[in-house]
Amino acid sequence: MFALTFLGTSASVPSAERNHPALLVEAAGRRTLIDCGEGTQRQLLRSGAGFRRLDRILLTHGHLDHVLGIPGLFSTLGLRRNSDVMTIHGGLGTLEVVVRMLAGLWGEGRAPIPAQFAPLAAGQVVDVGEFTIDCFPVRHRDTDSFGFVFQSPARRHLLSDRLAALGVPDGPMRGELAEGRPVVIAGDRTIDPEDVLGAPSGSKKLVVIGDTESTEELSRHVTDADVLVIEATFLDRDASTARDYGHLTAAEAAAFAAANGVKHLVLTHLSGRYQDEEILDEAAKIFPHCRIAADFDRIDI
């Protein structure tokens, strides 16, 4: 299961209700921050999530509304004497922005907490067994932008009726079969895992796309996602302005979800020029299974 906590859902200008972009993803006891806009450390506290076990930041791109919260977060973690290494993933240009920012405040290599900078390239970012994170390039105003796919593997469960019929006793043997290894039971009978395992099920897929000017060539990464989180900075009536600033309209985001078998669509990076109801109405006419993200919303997948 993936648990999402939206810490910031505004576009480049925050509002009284919406902070700069940041999203916390929790899975299998691990916590990953996607983007870290100004004020993210306070949003972590206000949400109740806090700073524990936070050791990885994925950056969609290097625009300041997505990265300015990193120095404040580092400063607080340093004061709390956090000794964990913070790994920051981003495109090369994005990481250069962050490294210069930290060096300008504390000197090169002297940030308040140990940091590791990991350049992104299309493909797998991390595999922790219980889930994987992959990244893919996204087009946004000549930046080295990336989107992210979180996916948990499908699992096969033991079929109790087959276990009983074959006489497999409770205990370690069943654990061996669940792990895909054959066992030998009384009478020298070999039980193969295929004899007692059901069909694969339970895989979950989360896709997070930050600022993007186009959805071209992104379908293969998004297809059949359980949840797609994507920007909807403009409405269709301002599509020409959206092009000028490298963003999507709510209608475009909804059409993209509908065309790719997405189960649920969550719209974020929202501009204060519109009411939430306007954005939702435009998207829902095309893709009904959608919602507007608000700061501190939590979604479980």
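In strand 14, Leu265 is the bridge partner of Leu228. Strands here are DSSP runs of E with at least two residues, and helices are runs of H or I with at least four residues, both numbered from the N terminus. The model is predicted, so local features need pLDDT of at least 70 and side-chain atom pairs count only at pLDDT 80 or more, whereas totals for chains, interfaces and linings use all residues. Residues are numbered from 1 along each chain as its sequence is written, and side-chain values use heavy atoms, with hydrogens and water left out.

Strand 13 (residues 227–231) and strand 14 (residues 264–268) run parallel and are joined by five bridges; two strands pair if DSSP finds at least two bridges between them. An open sheet is formed by seven strands in the order 7-8-9-12-13-14-15, with mixed pairing. Its edge strands, each pairing on one side only, are strand 7 (123–127) and strand 15 (290–292). From one strand to the next, the twist averages 20 degrees. Helix 10 (residues 276–284) packs on this sheet and touches strand 14 and strand 15; the direction of helix 10 makes about 165 degrees with that of strand 15. For such angles, axes are lines fitted to C-alpha atoms, for helices over the stretch in contact, and the values run from 0 to 180 degrees between N-to-C directions.

Helix 10 also meets another helix. Two packed helices are described by the angle between their axes and the distance between the axes. The axes of helix 9 (residues 250–259) and helix 10 come within 8 Å and cross at roughly 35 degrees. This crossing is right-handed, meaning that the near helix is turned clockwise from the far one by less than a right angle. Helix 9 contributes Ala250, Ala251 and Ala254 to the contact, and helix 10 contributes Ile279, Glu282 and Ala283; contact means heavy atoms within 4.5 Å. By class, five nonpolar, no polar and one charged residues take part, where Ala, Val, Leu, Ile, Met, Phe, Trp, Tyr, Cys and Pro count as nonpolar, Asp, Glu, Lys and Arg as charged, and the others, Gly among them, as polar.

Gly147 counts as buried because its relative accessibility is 0%; buried means under 20% relative accessible area, exposed over 50%, and partly exposed in between, with a 1.4 Å probe and protein chains only. Not counting residues up to four places away in sequence, Gly147 touches Asp134, Cys135, Phe136, Val138 and Val208. The C-alpha atoms of Gly147 and Asp161 are 43 Å apart, although 14 residues separate the two along the chain. His221 lies in helix 7 (residues 219–222) and, at 15% relative accessibility, counts as buried.

Aromatic rings come next. The count of aromatic pairs comes to four, under the rule that rings of Phe, Tyr and Trp (its six-membered ring) pair if their centres lie within 6.5 Å, with planes under 30 degrees apart counted as stacked, over 60 as edge-to-face and the rest as tilted. The rings of Phe2 and Phe150 are edge-to-face, because their centres lie 6.0 Å apart and their planes stand at 75 degrees. Phe2 lies in the segment before strand 1 (3–8) and Phe150 in strand 9, so this pair ties together parts that are 148 residues apart in sequence. Both Phe2 and Phe150 are buried. Phe131 and Phe150, with ring centres 6.4 Å apart and planes at 25 degrees, are therefore stacked. Here Phe131 sits in the loop between strand 7 and strand 8 (132–138), 19 residues from Phe150. Phe131 is buried at 4% relative accessibility. One aromatic cluster is formed by Phe2, Phe131 and Phe150.

Strand 1 is mostly covered, with six of its six residues buried. Three bridges join strand 1 to strand 16 (residues 298–300) in an antiparallel arrangement, and Leu4 stands opposite Ile299. Strand 2 (residues 22–27) also runs antiparallel to strand 1, with five bridges between them, and Leu23 of strand 2 stands opposite Phe6.
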